[in-house]
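Trainee: Could you walk me through this structure with a few questions and answers? I would like to go from the DNA to the sheet and then to the chain pair.

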Number of protein chains: 2
Amino acid sequence: MTVTLAEVAKRARVGTGTVSRVLNGARNVSPSTRDRVQACIREMGYRPNLVARGLAASRTGMVCALIPAIGAPQHGEVIQGLGDVLHEHGIQLMIGDCGYQPDREEAIVADFLERRPDAFYLTGVVHNAKTRQMLRASGIPIVEGANLTDDPIDCVVGYSNFAAARALAQLMHRRGHRTMAFVASTSDPNDRIGDRLKGYLAACAELGQDTRGLVLESANNFNGGAAALDIVLHHAAPIDLLLCATDVLAVGAIFECQRRGIAVPGRLAIAGFDDLPLAAAISPGLTTVSVDRIAMGRVAGHMLLQRLAGRQSPYTKIDVGFTIRERASTGAGIAP
Amino acid sequence: MTVTLAEVAKRARVGTGTVSRVLNGARNVSPSTRDRVQACIREMGYRPNLVARGLAASRTGMVCALIPAIGAPQHGEVIQGLGDVLHEHGIQLMIGDCGYQPDREEAIVADFLERRPDAFYLTGVVHNAKTRQMLRASGIPIVEGANLTDDPIDCVVGYSNFAAARALAQLMHRRGHRTMAFVASTSDPNDRIGDRLKGYLAACAELGQDTRGLVLESANNFNGGAAALDIVLHHAAPIDLLLCATDVLAVGAIFECQRRGIAVPGRLAIAGFDDLPLAAAISPGLTTVSVDRIAMGRVAGHMLLQRLAGRQSPYTKIDVGFTIRERASTGAGIAP
DNA sequence: TCAGAATATGGAAGCGCTTCCAGTTTGGCA
DNA sequence: TGCCAAACTGGAAGCGCTTCCATATTCTGA
């Protein structure tokens, strides 16, 4: 049915090894042989079988990446950067969606490992013990992303969600906000959101602010933002800034303000986290924390390539940093 | 290093064939043997090598899916439905991102075919001739999704973007809108957007409306929606409804209206397409076309499973339909 | 009780490639 | 011209599994 390497070899009247060498760009093949083989490959429409190659070479040319939600633009960008870099080196990505559930992540890791990927990318830095153990035992390079940790499985590339949230809260304090509330979803617990909350709490502690009652929980969607707004408005102590763990929550809150005729930032300032396209588009523009996620993905890809090339990478931890984008939702660019 | 099937066989004092039979749930294995083998598998922590299995069985248990943008929630939902169904049958998805570019799609299809997937899912129904030829030649089941066509490569599951756009325009006409404009991006041409435009034009023709100058082009992002709004406002003939080929464009237009203090739908009604979560969350709520994309993905998965099971599927085309959600952006629920 | 069918089982062959080793050819240099 | 090293090449072995065939065992029923 399909053409095999052996058939190409026969037609070109060379050994199978020689065809393999041509395919893999080995340089110890004479130009005339190479040309002849390549001509046969073209004429016969030969396409190598990567399954067989993977078995023989014990390199599959495949990297697995786990993200918490396919369809979430944040993670899509990371995957895009990662995929671009790897693709340039002939490596393909296999993407798994673990839906923010550690148990699903564990199951997917177990499944994926049976496919013998050359490396793994994981979103986040907190994983089941079993997951870590399996990955370590596999012996392949692992990169964790989108956050930082001192105890990675192998390598990490990301930014400190803790530091970013803390910096944002501190900046808002400098801008004059004194009574803040923080809203995060806890239904899908993950280390990024958790660290953002911790960063906020750390800032509050440093600023001497009383945080009692100022931490809210809400589902991580637009409705969740609206619900949080409702609670904030009915809070005993008046609140002048709502810090949201994600842009989605923040945008949900802004929409609810619009519905209720509440001035943003006049009556209540709102800030988010992630800098989704939506944050720049909405009016008022949303103050948020921005990270170059495509670049982060690319860095992850380069780290993996380094490791795959056998070069012991000189680092195991890369901080890509973050930027706070101040927009109108917290009063930026608005005359006092 | 890692445990192989042969080692399990040796420990269990059976042949490799028997272990294989146990693994694959063949029923002609005596219970005592099965138990012994399974005990060894557990004790030794054996994990099958799917690469080797794929080569030997010429079934990889892998399905490739191509979407135009990873990180786009619409496609994420389809993939989720598809992946869920396939996963229940031990099949894993390999996702490719072709970025709305037919050439990239072709390249990815070529690459993916070298991995010998058991089946393929493609977004959209228009593809390069080479792409179609490669897929047909591969002989594996193919499902195209997210639109309909009379000339599928193999199977299709989707809805008629044409019919939906036409129905929306007709409904808006019945609601009293007489001067419509339609905006779509042409920078990333694809059959879904193209068919939506055609559906709109068909409705206009049927309604006897003059469409000259009422079709706009704009990048498919929030800014594109804002830009379209600007053009509509400066159009010679006053326009009372802006139909957008995507919710993103529509939301961009609504944001721009808010910035300019233009009443929606008072001064201008706006409708979108896709029913993103954003459409229900924004105020005014966005009238749009809704499709159960998760269900669509599930149907695609079932079609593939049917085909893989060798059952000649009794259909090659499934229409999952669409729903028009009328919301406040076109006056729904607003007292006249 | 025994032939014949049904059920279990071992093990070889092979899936399509890479890789290694041995053998052949070519090239360089004195 | 001769000799050794370097460059090239063929082909066997093997990657870890499935599958088929032949054999061994157990179960039927007359």
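Trainee: Which residues are closest to DNA strand D?

Mentor: Happy to start there. This is a predicted model, where local features need pLDDT of at least 70, side-chain atom pairs count only at pLDDT 80 or more, and totals for chains, interfaces and linings use all residues. Residues are numbered from 1 along each chain as its sequence is written, while chains are lettered from A and ligands numbered from 1 in the order in which they are written. A residue is near a strand if its C-beta atom, placed from the backbone, lies within 6 Å of it; 27 residues surround DNA strand D, and the closest are Gly15(A), Gly17(A), Leu5(B), Ser20(B) and Ala56(B).

Trainee: Which element gives the largest share of the surface near DNA strand D?

Mentor: Helices here are DSSP runs of H or I with at least four residues, and strands are runs of E with at least two, numbered from the N terminus. Among the elements giving two or more residues are helix 2 (16–23) of chain A and helix 1 (5–12) of chain B. The largest share, five residues, comes from helix 4 of chain B.

Trainee: What is the strand order of the open sheet in chain A?

Mentor: Two strands pair if DSSP finds at least two bridges between them. Strand 1 (residues 62–67) and strand 2 of chain A run parallel and are joined by six bridges, with Val63(A) partnered by Leu93(A). The edge strands, each pairing on one side only, are strand 2 (92–97) and strand 11 (317–319) of chain A. The six strands, with parallel pairing, have the order 2-1-3-4-5-11.

Trainee: Which element of chain A gives the most to the side that touches chain B?

Mentor: Residues are in contact if their C-beta atoms, placed from the backbone, lie within 7 Å. The contact takes 38 residues from chain A and 38 residues from chain B. Elements giving two or more residues to the chain A side include helix 6 (102–113) and helix 11 (247–260). With seven residues, the most comes from helix 5 of chain A.

Trainee: In chain A, which residue has the C-alpha nearest the axis?

Mentor: Copies are superposed by least squares on C-alpha atoms of residues with pLDDT of at least 70 in both. A rotation of 180° with 0.0 Å of shift along its axis superposes chain A on chain B (RMSD 0.0 Å). The two copies are thus related as by a two-fold rotation axis. The C-alpha in chain A nearest that axis, 2.0 Å from it, belongs to Gly71(A).

Terms used:
Two residues are in contact if their C-beta atoms, placed from the backbone, lie within 7 Å.
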